[in-house]
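Trainee: Could you take me through this structure, one kind of feature at a time, and tell me how each is defined before we look at the case?

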Amino acid sequence: MERFPRPTKPVPLSAYTGRRWLTDDRTFDDYEGGPTIEMLIPPIYVQPTMTYHSTGMELSAGWASWVDHGYRIRPSSFQMFYLCRPIETMEHIMPIGTTEFYDPSNQVPDRVTGEYSLERSYSNHTVAVNDVIYMSASEMIRSAKDDPPLDQPSASGHDIFICGRTSFSDGAKYICVDLEQDSVAVDVDDVEVSVDIDSIIWTTSEFRLKGTVGIYMTPLFQSRPGIFKHNHVSIDILIPQSEEDFHAPGGRTEWLSKRFNMSAIPHICIGRISSASSILNLYMMFPRMIHRHPINGRMITLMPHDVIDIFYDMVLLPSIGHFNDISWDPYLKQTLEEARYKTRGASGRPGGRGAPKIIPLSNDDFMRVQKRMHEIIKDGLEQLSMYGSCFFVLEGKGIKLLTKDGQRGQYSGPEEALIRNIPDLDWHHMRDRKHGELLVDIGVSLTPHASTLPLVGLWRLDALEASFGAGGYKRGDIHHHNTLSRYGAMQAEMQQDRAHQTHVSFRSAYNLYYEAVRTTRNQVSFASDSDAYKVSPSYMTECSDIIKILTGCKKKTYGVRDEYRVSGKAAIIILDEIVSKAKEYVKSHPILWIPSYVWFEFIARRVREIQRTQINIVKKNPPNLGVLTGILNHMLRATTSTPIVFDSHVRESLALINYKTVLETSGMLFLQEFDICSTTCLDEVQQVDDVHVLALMGVNAKAQRDRAVALAEACRDDVDSESEEFPLGRTPSWRRLKSAIANTPAVIMRPWIWPVTLCNASISVGRLFIMFTQQIWLMLIDGVFKGMRPYPTSLQDAMRCWTVTSVDDTLACVTFEACNVGIQNRAGITPGRMGPRAKSFADRSAIFFPDLNATRKDCSQWDELWRGDGYIAEYHRALDGVEEAQQAALRSELREVFSNLHCLP
């Protein structure tokens, strides 16, 4: 659906004339003699090296990526805002964006009510809409009637919560969800405003503190980077100079920079600052190693263990041991190997996933360690230059309860509570922007006072969108809770030129009922599509657990929350004025208050009906069970979060059912044309699961799909295809045959049988085809396999590797294309596109086994197979040592082998 309008423009800011950034200092980093920007482009003649092992052929990793790429930092790299006092900050905090004519109870669009005219000129005539009924959440719950056990049908519940329509006995009208009918009026004075500091991020080149910091003696075991997603903090990185500027006399003259998200910079967690109620992680960032994946273009930030180990072994641990007293020696580990030996578990194996040993360092000690690290990196020249330009990031999350309302009045406010509870940090030093950039998350919670009726607050998205627009924020991300079109959450960064002056970086407004189902790491975790496809015990348990959580929340009150990521100076201004600003904002009615028992029962019943529908379609086993499972599981995840749609078939299905239109007209996502009695249940979406869908559903999905297709074909009365002969009749169309090969090749292709004629095949042919099969499969990366990588040792096994069932069972995602060689219609014409006919498999043998005089394309993926132990090189050696008649016999036998294959790459 379209985004809501933004009727109010942000406050205009005058052109900034003050000082913007810190003054550059040529001694701040090593700016001369580094790699140039031309070195970032890999030369076209460099190819990855293939190595042969007993397990197969692999690409060597090398050290080409984790090196010094020439990026550097400047004194102003950490600044996100201008060097000025925050300008008009409070005008961008909780601004009212709606007009005086805004009616919060009017949440049904005109295209549903019919309050519009189809005439060109203005007219009072409106459109009569008779097939829609407005229903509140409580009415939907009552209309769905009883909630029987999952193994029993619930026709009314299915119609209401899945199809979004009333029963046929009631006229079968489409439902438009209007939660405003359940609204509870709450006076502004009855809304409690609670303020806290939720998190801090401090970026600095020199880490200084008052107390102690704990440094890990061995690297943390991490499956992903510590800062794995965009935290709305960016670093201005100096890009490498050009070759021309490098060789020009007089030193560097190019000072071009680019902002990188903090999450895009390689980093490791080296320590922490702990207290009884919080943990602040200390990261070291290595901007010189910034690089992208050569194929997908994404930033690579998870540093390999080898690169981290070298940093620990040659930089960090020697620096710690350099300044310690002799009495510390028994407790320190001089090498990483020694430290890992000390962390062995009971089994005697080194390492593990537990927290490593920590050594506490005072401020003076850690300052000396930092200085020594820079000296070692500089003395290490090219061997350690990739660790240069490093800087520190201190990140503290989830400290809201530590600072909320000054810990219930114990302190004067959140700021004093933060300073008192984390005394190890030098807050005065951190607020000084000459030493780095301090970012603070200020959170405002709006909760109705406890009453006899527990309530849940929901942001009205139209009012929230208007407020974001009045504050000068970007479009950002909008979240529709439980797929509701008018209620949810919103997140957006501020426009950059405005953020520089206001010192406000990011705003996030969400509903606090999310805390009821929020995981510790704030990661969406729900049963996978493959579990739902099989209705596995884990799927049933997950649904049961979430319903128990929702049921237990019916007696609790949940408000809403608004968070702002701002500079340390802006935080002081906001904390002084935010309470009065919040009270004024609540008067504009941006929040819907609804009874808790209604809201949570509304979500729980939706979960139950989705679960019941999933069970029913699995019992029915339609040919597109995987597609339907993807849609239903998306709706299930959306009950507690806003899921990101990664799978392409789910995105395609949502587009085919007109997701945006349904959301706008019905107020919620429904499958309005879903019919459990039809063959495929939902005619708008893909009718048969393809190989991409099956790969996501598990190892047995293909056989289950094929059974469903066979049953559907057997029941279909298709006169045109003369379906008395299974599966496609005597004269199927080319289009239908292509579709069958793409979707169900095992049903169409005859079972592969070992040809008797090849029993007398020569040893040379068998050896060559075995090498061909082994090396072709070894060229694929591990991520494409769902089964074992084929490694045949006989000609028969090698040929069996190329059957459709073997290929389909081996690869996680594979597509088959039909070959029209030898196929003719009744008129004797070969079907397919106009133009050259496809080559037979026998003719294609010359493609995979080129002759001695064939032209070789340099720098191709086949290049390694032309030399050394490659099968093409072996084939050429076999041809080179025999006469022409024997060469022809060898080619003929290879053609015979290829003509008996099911498929080829």
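Trainee: How many residues of the lining of the second largest cavity are nonpolar, how many polar and how many charged?

Mentor: The residues of that lining divide into two nonpolar, two polar and four charged, where Ala, Val, Leu, Ile, Met, Phe, Trp, Tyr, Cys and Pro count as nonpolar, Asp, Glu, Lys and Arg as charged, and the others, Gly among them, as polar. Keep in mind that this is a predicted model, in which local features need pLDDT of at least 70 and side-chain atom pairs count only at pLDDT 80 or more, while totals for chains, interfaces and linings use all residues. Residues are numbered from 1 along each chain as its sequence is written, and side-chain values use heavy atoms, with hydrogens and water left out.

Trainee: Which residues line the second largest cavity, and what is its volume?

Mentor: A cavity is a set of points, on a 1 Å grid over the protein atoms alone, where a 1.4 Å probe fits but cannot get out, and its lining residues have an atom within 4 Å of a point; the volume is the space filled by probe spheres set on the points, which are joined across faces, edges and corners. Here the second largest cavity has a volume of about 50 Å³, and M430, R431, R433, E437, L438, S567, G568 and K569 line it. The elements that give two or more residues to this lining are α11, β13 and α16, helices (H or I, at least four residues) and strands (E, at least two) being DSSP runs numbered from the N terminus.

Trainee: How many cavities of 30 Å³ or more are there, and what lines the largest?

Mentor: The lining of the largest cavity consists of I197, E415, L418, I419, W427, R431, L438, V440, G568, A571, I572 and L575. Two or more of the lining residues come from each of α10 (414-421), α11 (427-431), β13 (437-448) and α16 (568-586), with the largest share, four residues, coming from α16. By class, this lining has nine nonpolar, one polar and two charged residues.

Trainee: How should I read the aromatic pairs, and how many are there?

Mentor: A pair of aromatic rings is described by the distance of the centres and the angle of the planes. Rings of Phe, Tyr and Trp (its six-membered ring) pair if their centres lie within 6.5 Å, and planes under 30 degrees apart count as stacked, over 60 as edge-to-face and the rest as tilted. The count in this model comes to 33 aromatic pairs. F772 and F898 have ring centres 5.8 Å apart and planes at 40°, so this pair is tilted. It links distant parts of the chain, with F772 in helix α25 (residues 763-778) and F898 in helix α30 (residues 884-899), 126 residues apart.

Trainee: Are F772 and F898 buried or exposed?

Mentor: Buried means under 20% relative accessible area, exposed over 50% and partly exposed in between (1.4 Å probe, protein chains only); F772 and F898 are both buried. For F849 and Y875, the ring centres are 5.2 Å apart and the planes stand at 80°, so that pair is edge-to-face. F849 is buried at a relative accessible area of 3%, and Y875 is buried at 1%. Ring pairs link F769, F772, W777, W802, F848, F849, W862, Y871, Y875 and F898 into a cluster.

Terms used: On a 1 Å grid over the protein atoms alone, a cavity is a set of points where a 1.4 Å probe fits but cannot get out, and a pocket is an open set with protein on both sides within 12 Å along at least five of seven lines; lining residues have an atom within 4 Å of a point.
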